[in-house]
Amino acid sequence: MTNLPIYDKTGAKVGDYSIDLDALAPKFSAQLLKEAIVMYQNNLRQGSAKSKTRSEVSGSRKKMYRQKGTGNARAGHKRSGVRRGGGHIFAKTPKDWTYRLPRKALQVAANMAMAEKVRGERVKVIDAIALQDPSVPKTKEIAATLTALDLARTVLVVVDQYDKNTYLSVRNIPKAKILPVSDLNAYEILRPYQLLVTKSALDKFVETRVGK
C-alpha cells in the first residue's frame, strides 16, 4: 500500500489516502502505454491537409508551344507539376487518422499511467476544490491553492464533477487544465508534470478500475 497525504486548499495536511498500486496496475507494459499515447495523439490530428493536382488547378490544357524548333525544353500545358502554378505531383489529400485500441487495453494503460505518476511522487490529493462563491468564477482562489500546494509546473486538476465557474477559473491559469475523472486517460495523465486529484475523484478512479 502507498500512502498519499491529503491536503486542504491552504496546503495543510488533513489526512492520508491509501492506494494499492499492485492492485491498480499488476504489470507494467511500456509497449502498451506507448501504443495508447500514439493512438490519442493520432486522433488529435486534423487530417485536413490538401493540395491541388494538375487536374484541379486552373489553366489551359493546350500545349504551350510546339515540340521542336523553339530552343526551349519540351513543355506540356500550364497545369504541369514541374511549372510554377501547376498542380502538385504528389498532392496531399485529406485523411482520417483516427483509430481505436480495445477498451480494456486503454483502461490498463490509464491504470499504469496513474500508478507510475504516483510512484514518481507527482500526484497530490486534495480534500475538495470548491469556490467560496460558486456563482462566479474566481481564478485567484484556484491559483492560490496551486501555489500553496507547490504546483508551479504544468498541472492537471482532476475532479469528480465540476461546474462552469470552476472550469473557467482553472482555464484562466497558464499551464493548468481541469478534467472530470470520467474523461481521464493515459495521455491526459502523462501529459502534465503533476496531477492534483480530489479525494472523491481518486476514489471513483480506483473503484471503477481495480480488479477490472
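1. Start with S169 and its surroundings. Leaving aside neighbours within four places in sequence, S169 is in contact (heavy atoms within 4.5 Å) with L131, P137, K138, T139 and I142. S169 itself sits in helix 5, residues 164-171. Helices here are DSSP runs of H or I with at least four residues, strands are E runs of at least two, and both are numbered from the N terminus.

2. A word on what you are looking at. This is a predicted model, in which local features need pLDDT of at least 70 and side-chain atom pairs count only at pLDDT 80 or more, while totals for chains, interfaces and linings use all residues. Residues are numbered from 1 along each chain as its sequence is written, and side-chain values use heavy atoms, with hydrogens and water left out.

3. Is S169 buried or exposed? S169 counts as buried because its relative accessibility is 0%; buried means under 20% relative accessible area, exposed over 50% and partly exposed in between, with a 1.4 Å probe and protein chains only. A polar atom of the S169 side chain lies 2.7 Å from the backbone oxygen of N165.

4. On a 1 Å grid over the protein atoms alone, a cavity is a set of points where a 1.4 Å probe fits but cannot get out; a pocket is an open set with protein on both sides within 12 Å along at least five of seven lines; lining residues have an atom within 4 Å of a point. The whole structure holds 1 cavity of 30 Å³ or more. The largest cavity has a volume of about 40 Å³, where a volume is the space filled by probe spheres set on the grid points, joined across faces, edges and corners.

5. Which residues line the largest cavity? They are K9, I129, I142, T145, L146 and L196. Helix 4 (residues 139-148) gives the most to this lining, with 3 residues.

6. Now the largest pocket, with about 310 Å³ of space. Its lining has 14 residues, and Q107, V181, S182, L184 and R209 lie nearest its centre. Helix 3 (103-119) and helix 7 (199-209) are the elements that give two or more residues to this lining.

7. Finally, the second largest pocket has a volume of about 180 Å³. Of the 14 residues lining the second largest pocket, I129, A130, Q161, Y162 and T166 are the closest to its centre. I129 also belongs to the lining of the largest cavity, so do look at that residue in both views.

Definitions and conventions
A polar contact is a pair of N or O atoms within 3.5 Å; within protein, one must be able to donate a hydrogen and the other to accept it, and residues adjacent in sequence count only if both atoms are side-chain atoms.
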